[in-house]
Amino acid sequence: MSNDKYWEKYLERVKKTRRHYFFQKMHLLDGLSIQSLSKVLGWIKADLAYVTKWGLNILLQIRAYGNLIQREYGTSYAQQWLRLMYLTFVVPSIPKHYRTRLLFKQRNWEMADDFVLFHGRVQYDFVNRTSADEIEILRNKFKFCQYCDELNIPCADVVAVYKQGEQIYQNFDEYPVPATDLFAKDLYGVAGDGAKKFTYKDGFYSDSSGKQYSSDQVIQLIKTGSEKNSGVLVQKALENHSSWKKFTSGGLITCRIVTAINPGDEHSIIPMFSAVRMPLGNSDTDNYSKGGLIIPIDQQTGIMGSGVTLKPYDDKFELSKHPNTMQQIEGESLPHWKEILEFTLDLHSNFQTIFIGWDISFTTEGCCVVEGNIGWASCSYEIPFQDSLKNTIYPELFEKWMDKIGAV
């Protein structure tokens, strides 16, 4: 099968999971009846709500970013509106992806129909077929840390776990919390949900805004957070290695490295693509969705490209230097890259899940895994590389695994 055939087959899977309008679902009706009519009216109502919601959002997107885009990229307001309408209602997607894929750039817009945008449902269906028993380990951050600890894989130390306002796990002797920098995050969170760092000094803990808390107040804040979601994991905060500190104003940097088990040799791990994520300003996280910088990296050399942000920083969506430290990024080699990549490939050999997006940091103690992601999102490649997932080995590997599963 040619590469184009692999891609066409994979993209067809993705398109089936995208939103469909009422006229695209008429074939699902079982003849003419009152029940069928009621179902169609429900679909039409949902479609009208969808068009209204995102039509207004398009106008808000243009109001917020239209002038900057026109000035920096030469894309007129009319072009922006037409492209946003096509992306949102024809593809269909959401207006935000107009910025995430930098579709106001002509080169990127010419590839608009090739971007995957969303493929979460395809990913989870695949994992359910192949390694369902590992889903909970990779989704539950506490279980992931326990699993890594059992295998002596470097991971941030777990301090405590809270659910529904109650502590269900403790790994410290001090009361009520260790006198050290802490990092709290949602137990099942994605994209930096619930992430908050507490920096310890002279008996108090400070957050990124400089607000101080006593140890009791920190615990109360964490307990309250655990009541609003599935729980909160508290860990000892990791610190960037000295060679990485020039790329950040303080927050932890991670590499997003997506790897796959080779369908032709299940003892071999393939590194598909990688990116570096750097926090901006005083952010606690490096997540792109929270305003961080995501940067493509050449897997052979460790040389970084230009970074991309979701919201413009200093009126720029693309940055060749870190805007806070003024450290050059584009064209620079990420220190210890080969060591990080080797660590990640070894790490994946401890898991049965075929495709995993790893978040890896290089700390004062060396390589450390932050977490592994089943739903690593197509944006892990498409945003930093400003290119379609089509141009990676992923569609071919995915379809070869699907053929292999089908044969079994």
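**Ground rules.** I worked from a predicted model, where local features need pLDDT of at least 70 and side-chain atom pairs count only at pLDDT 80 or more, while totals for chains, interfaces and linings use all residues. Numbering runs from 1 along each chain as its sequence is written, and side-chain values use heavy atoms, with hydrogens and water left out.

**Count.** I looked up the salt bridges (a side-chain nitrogen of Lys or Arg within 4 Å of a carboxyl oxygen of Asp or Glu). The structure has 20 of them.

**Arg 13 and Glu 399.** I found these two side chains in a salt bridge, 2.8 Å from N to O. The partners sit 386 residues apart, Arg 13 in helix 1 (residues 3-17) and Glu 399 in helix 12 (residues 394-407). Helices here are DSSP runs of H or I, at least four residues, numbered from the N terminus. For burial I used relative accessible area: buried is under 20%, exposed over 50%, partly exposed in between (1.4 Å probe, protein chains only). Arg 13 comes out partly exposed at 24%, and Glu 399 is buried at 0%.

**Glu 382 and Arg 101.** Next I checked this salt bridge, with its closest N and O atoms 2.9 Å apart. Glu 382 is in helix 11 (residues 379-385) and Arg 101 in the loop between helix 4 (97-100) and helix 5 (106-109), so the pair ties together parts 281 residues apart in sequence. Both residues are buried.

**Arg 277 and Asp 286.** I noted 3.9 Å between the closest N and O atoms of this salt bridge. Arg 277 is buried at 9%, and Asp 286 is buried at 5%.

Terms used:
Helix = DSSP H or I, 4+ residues; strand = E, 2+ residues; numbered from the N terminus.
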